[in-house]
Amino acid sequence: MIETFLENTLAYILIFLIFALVLFIYIKTVAKKSDSVKEKIKIAKELGFHEPVSLHPYINHEICLGSGACVLACPEKDVLGLVNGKAFTINASRCVGHGACFHACPVHAITLVMGTETRGIELPHVSQDFESNVPGIYIAGELGGMGLIKNAVEQGKQAVENISKNLKRSSKASYDVVIVGAGPAGISATLTAAKNNLKFLTIEQDSLGGTVFNFPRAKLVMTSPMDLPLYGKIKLMETSKVKLLDLWKEILQKNNIKINEQEKVINIEKKEDHFIIVTSCSTYTSNAILLAIGRRGSPRKLGIPGEELEKVSYRLLEPEYLKNQNVLIIGGGDSAIESALLLADDNEVVISYRSNSFSRIKPKNLERIIKAQSEQKLKIIFNSGVEEIKEDKVILKMTDNSLVELKNNLVFIFAGGELPTQFLEKTGIKITKKFGETILKH
């Protein structure tokens, strides 16, 4: 009896010790991971990565149970992490609005918001159906705050489906819908219009692909699986600009769809029960309009002496043809970094950036630019701006007001684009600034 009691007691003690050891290891592991995430958040704040740029997750810590599903679901690197059993944003500026975290959370602790309390984002007014404050004018894609290719494709599709559902035809309109822009949202909208047997016209001021067309030729287009109307599932995680454009061309040709390229919309006017669209080539009438023109509008200029010189450009289209040049890249975003990397092997490249670090670029680009700098393939001058551009040189002004003179043949300015505010306001569309406004919640 006593022996049995002792054996049982020892067994219970052994089980307790094993449980205590497992619990101890678990607590230590969680604490170690939490400390790691805390350190990442600290570094992100120092580098300027912690504050979001546009659409990003907001986590309700009263509901969050720390399952980690959101961390695992996020396709980007170190956007989210767990600290003491709760999810936190780390490099929030790298969030590109996939929304995978939102859908993965088992307790609905995540909402997707646009802007922050301190950093507002100017966006046109758009309803849940993608209709602007002007009845009949819809907005999809980057202009509405969704820059990711997959999201833009989905928005273009949904916007046209809503147009088809709510369409009121006028006898004075030649088209059911005129789609302005042939980027990811515009192409998806065009295919959806064809699928729904709408009478449509698609106009693009540049070339098919919109923003994607203006990527450097060798640039990788990072996207994710998406469902394209009249085609089906496209499973692409990384592809080239050329392959993506070729795919779109193939789908359009297969469905006998023509897009009016190199035609710019100059004016849109509401006339009783229809719209009049004036372009650089013609005038059209339509029952509805979908704007899928992107946010960039025209390139943002610096307003400095010498910016009008022929050697100055705002995009890099043919990097393979540039060799043995002294190149200055102005800017610190992904376009600037990727262009610098494309030119670094065959040219003397210098990057001028006004901040003290690259705070809003993809992790892969950050790794590549640091590596290129360490291998002395290019030079980075932080805390600098361009004072003047001359025929054979450029003059940089440092934050301490000192001047740096560089030998130079070519200048590429990547200062972003200006929201086509004037065009939108002339059309009657209201522009508002979003300060942490909820876009998607359960």
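User: What makes up the contacts in the chain with a separation of 6 or more?

Analyst: Residues 24 or more positions apart account for 66% of them, where contact means heavy atoms within 4.5 Å. Bear in mind that this is a predicted model, so local features need pLDDT of at least 70 and side-chain atom pairs count only at pLDDT 80 or more, while totals for chains, interfaces and linings use all residues. Residues are numbered from 1 along each chain as its sequence is written, and side-chain values use heavy atoms, with hydrogens and water left out.

User: How many helices and strands are there in the chain, and what makes a run count as one?

Analyst: There are 9 helices and 27 strands. They're DSSP runs numbered from the N terminus: H or I with at least four residues for helices, E with at least two for strands.

User: Why are H5 and H6 called roughly parallel?

Analyst: The axes of H5 (residues 184-195) and H6 (residues 241-254) cross at roughly 20° and come within 11 Å. Axes are lines fitted to C-alpha atoms, for helices over the stretch in contact, with angles from 0 to 180 degrees between N-to-C directions. Angles under 35 degrees count as roughly parallel, over 145 as roughly antiparallel, 65 to 115 as roughly perpendicular and the rest as oblique. H5 and H6 are therefore roughly parallel.

User: What makes up the contact of H5 with H6, by class?

Analyst: Pro184, Ile187, Thr190 and Leu191 of H5 meet Trp248, Ile251 and Leu252 of H6. That gives 6 nonpolar, 1 polar and no charged residues. Ala, Val, Leu, Ile, Met, Phe, Trp, Tyr, Cys and Pro count as nonpolar, Asp, Glu, Lys and Arg as charged, and the others, Gly among them, as polar.

User: And what about H4 with H5, by class?

Analyst: Helix H4 (residues 149-166) packs on H5 at about 35°, axes 7 Å apart. By class, this contact has 8 nonpolar, 3 polar and 2 charged residues.

User: What makes a set of residues a nonpolar core?

Analyst: Its members are buried Ala, Val, Leu, Ile, Met, Phe, Trp, Tyr and Cys residues joined through side-chain atoms within 4.5 Å. Buried means under 20% relative accessible area, exposed over 50%, partly exposed in between (1.4 Å probe, protein chains only). The largest nonpolar core has 23 residues, and Leu343 and Phe412 are among those touching the most other members. Helix H7 gives the largest share, 5 residues.

User: Which residues does Leu343 touch, leaving out those up to four places away in sequence?

Analyst: Leu316, Pro319, Leu322, Val327, Ile329, Val349 and Phe412.
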